[in-house]
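Welcome, and thanks for joining this tour. Please open the structure in your viewer and keep the selection tool at hand.

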Amino acid sequence: MVFPFFYMITTALKTPQELTAFPPVWIPKNIFNLENFKLALKEAPFLIYFLNSVIVTICCVVITGFTTIVAAFAFSRLKFFGRDLIFSLLLSLMMVPFEMLIITNFQTMVRLKLTNTLIALIIPFTSSIFYTYILRNFFLSIPDSLYYSARIDGASNWKYLWRIMVPIAKPSLFTIMLLNAINCWNSFVWTMLVINNDNFRTLPLGIYKFSSEGGADFELIMAGSTLIVLPMIILFLFARKYIVSGVSRGGLKG
Amino acid sequence: MSRQQFSLNNKIEPILYLSPFFFGLIIWTLYPFINVLLISFKENYNLLTGSYKNLGLGNYIYVLNNLKFLNALRNTGIYVIFTVPISTFLALIFANLLNQKLKGIALFQTAYFLPLVTSATAIGLVWKLMFNTNFGAINQILSYLNISPIHWLDYPKNNIYTLIIFGVWNILPFTIILLLSGLQNINPLYYTVAKLDGASDFKIFRRITIPLLSPTIGLVLIINTISTSKVYSELFPIFSGRPGIADNLYTVVYYIYDLFYVKWDLGKAAAASVILFLILFALTLSQLQIQKKWKHY
């Protein structure tokens with residue numbers, strides 16, 4: 001399962017001769033050969049793509065994080081008419097595939113004149129039923145007594161949410177944000193629809209166009225692919241311990 | 001704070017908390033969903049002006065009689081029928097191995113997460129190189145076994161197998177995670193008792209693991225069927241944006257995008273996407289039924 005990653009990185013370090021050699025060369029002679037990375041950066045504006053990807057991902061995670069936290073709080077702690085009915089209707093809306101929504105969303109983007117902007121890559125994804133569902137379930141598991149004692153001590157709902165609930169829900173929040181960051185970073189189909197200006201391409205679209213337009217060499221494409229894959233792997237390895245503690249915490253309930 | 005103020009707050013507050021969420025949801029999910037249902041009945045719908053000839057089932061009749069769509073349906077069906085059982089079977093083996101308390105298992109547990117965090121586009125390009133007839137890794141490995149190079153990409157009839165192999169690899173990690181969580185919910189006491197009674201490993205697997213895991217397996221089969229029915233972005237990196245090397249591998253979602261983004265025929269694209277939705281909806285309902293049935297054994 002890991003072989004494609006191994007192959008990607010070793011190929012990114014190979015010389016063109018090593019790639020096509022027979023018998024095959026599995027591990028390049030000079031494993032510190034960074035020529036391909038330098039060449040790839042020269043042939044396509046990967047730094048711009050990278051920056052676009054970072055901006056889009058951070059905005060997505062922050063905005064979605066905010067809407068998710070406040071909505072999950074309302075759906076778990078506040079009392080209002082039809083709360084649980086509305087929530088179960090939302091859950092059934094989760095079945096609608098994004099492929100179906102894309103037609104109208106594209107039209108909306110054209111009408112708002114937002115195609116070829118980074119905003120177009122962010123705003124359609126700012127409300128997630130799925131993440132709200134996960135967080136709401138976690139919020140529901142926090143005992144009521146905590147809420148009442150905080151309210152008696154004079155804390156408003158707003159203060160209670162940000163000072164007490166959010167810190168407690170950190171593991172769940174990290175999981176949601178990591179999932180969200182991965183999705184944003186790797187998003188391809190929607191990006192391809194709304195972006196056709198080179199300056200606003202993100203990494204996945206950039207590498208795809210690089211591979212299909214230029215007739216570029218495989219070593220360079222692999223170097224570019226490594227640039228896309230590596231940041232998420234690093235992020236994942238860092239966030240891993242939070243996710244694991246989130247899982248073990250959830251296990252306590254059972 | 002008086003009692004009256006408190007109850008007033010109670011009415012306004014939920015709206016304030018929910019508005020950012022619903023703002024996005026209504027514009028980007030609820031409205032498009034209703035709109036696409038409407039568009040699917042508008043014949044000769046114009047993207048820019050929003051005008052149309054008449055309301056009717058014309059778009060549905062066109063799509064359901066269109067050979068390309070039927071072919072797309074068939075290709076998607078073949079893809080699902082192969083990809084889902086193969087990946088579930090492999091995942092079952094892997095999940096069982098990962099569930100054993102072996103040394104160095106932590107490293108593997110990180111390793112199978114890797115495909116989950118990576119871009120399908122980037123890793124698809126890696127697979128494109130691996131499938132290369134002349135110097136791709138797969139044919140190089142096959143050459144050690146004295147198997148002559150296979151034309152994975154440049155022979156149209158092989159394209160579906162190429163896609164299936166990539167697809168299996170793609171959904172394997174997620175499948176393993178689901179099965180693994182199912183395995184970890186099985187009470188270890190069952191295993192201890194079975195071992196005391198002298199049951200063989202295979203028998204334990206067949207008589208204890210499989211029956212107790214069956215709800216999870218059912219869930220996995222349905223979830224994967226739904227996600228693989230939407231096969232589309234996998235085609236892009238491997239076949240350079242075309243559905244197969246000779247445009248022979250149309251899938252349902254590719255067909256929708258083709259109508260929408262290449263031919264700008266929104267009415268027909270909407271009709272095709274509603275058909276896809278109905279198929280997925282039926283699958284989801286059957287999932288709920290199966291889950292209910294398999295809860296007790």
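Predicted model: local features only at pLDDT ≥ 70, side-chain atom pairs only at ≥ 80, totals over all residues.

Which residues in helix 8 of chain A meet residues in helix 11 of chain A? Select A:Y131, A:I134, A:L135 and A:F138 on the helix 8 side.

**Stop 1**

Now show the whole of helix 8 of chain A, residues 129-140, together with helix 11 of chain A. Their axes come within 10 Å and cross at roughly 175°. Angles over 145 degrees count as roughly antiparallel, and helix 8 and helix 11 of chain A are therefore roughly antiparallel to each other. If you color this contact by residue class, you will find five nonpolar residues, two polar ones and no charged ones.

**Stop 2**

Next, select helix 1 of chain A and pick out its buried residues: A:P4, A:F5, A:M8, A:T11 and A:A12. They span an arc of only 140° around the axis, so they sit on the same side of helix 1 of chain A.

**Stop 3: where the chains meet**

Bring chain B into view. Here 55 residues of chain A are in contact with 59 residues of chain B. Several helices of chain A each supply at least two residues to the side that touches chain B, including helix 1 (3-12), helix 4 (46-76) and helix 11 (170-186). Helix 14 of chain A gives the most, with nine residues. Color this side of chain A by class and you will see 39 nonpolar, 14 polar and two charged residues.

**Stop 4: a crossing in chain B**

Stay with chain B and select helix 3, residues 67-99, and helix 8, residues 159-184. The two pack at an angle of about 40°, and their axes are 6 Å apart. Helix 3 and helix 8 of chain B are therefore oblique to each other. As helix 3 of chain B passes helix 8 of chain B, the crossing is right-handed. The residues of this contact comprise 20 nonpolar, eight polar and no charged ones.

**Stop 5: a lysine to finish**

For the last stop, find B:K203 in helix 10 of chain B, residues 201-229. Is B:K203 buried or exposed? It has 12 C-beta neighbours inside 10 Å, so B:K203 counts as exposed. Finally, select B:K292, which is 89 residues away from B:K203 along the chain. A line drawn between their C-alpha atoms spans 27 Å.

Note on methods
Residues numbered from 1 in each chain as written. Chains lettered and ligands numbered in written order. Contact = placed C-beta atoms within 7 Å. Helix = DSSP H or I, 4+ residues; strand = E, 2+ residues; numbered from the N terminus. Nonpolar A, V, L, I, M, F, W, Y, C, P; charged D, E, K, R; others polar. Axes fitted to C-alpha atoms, helices over the stretch in contact; angles between N-to-C directions. Parallel < 35°, antiparallel > 145°, perpendicular 65-115°, else oblique. Left-handed = near helix turned anticlockwise from the far one by under 90°. Buried ≥ 20, exposed ≤ 12 C-beta atoms within 10 Å, placed from the backbone. Arc of directions from axis to C-beta.
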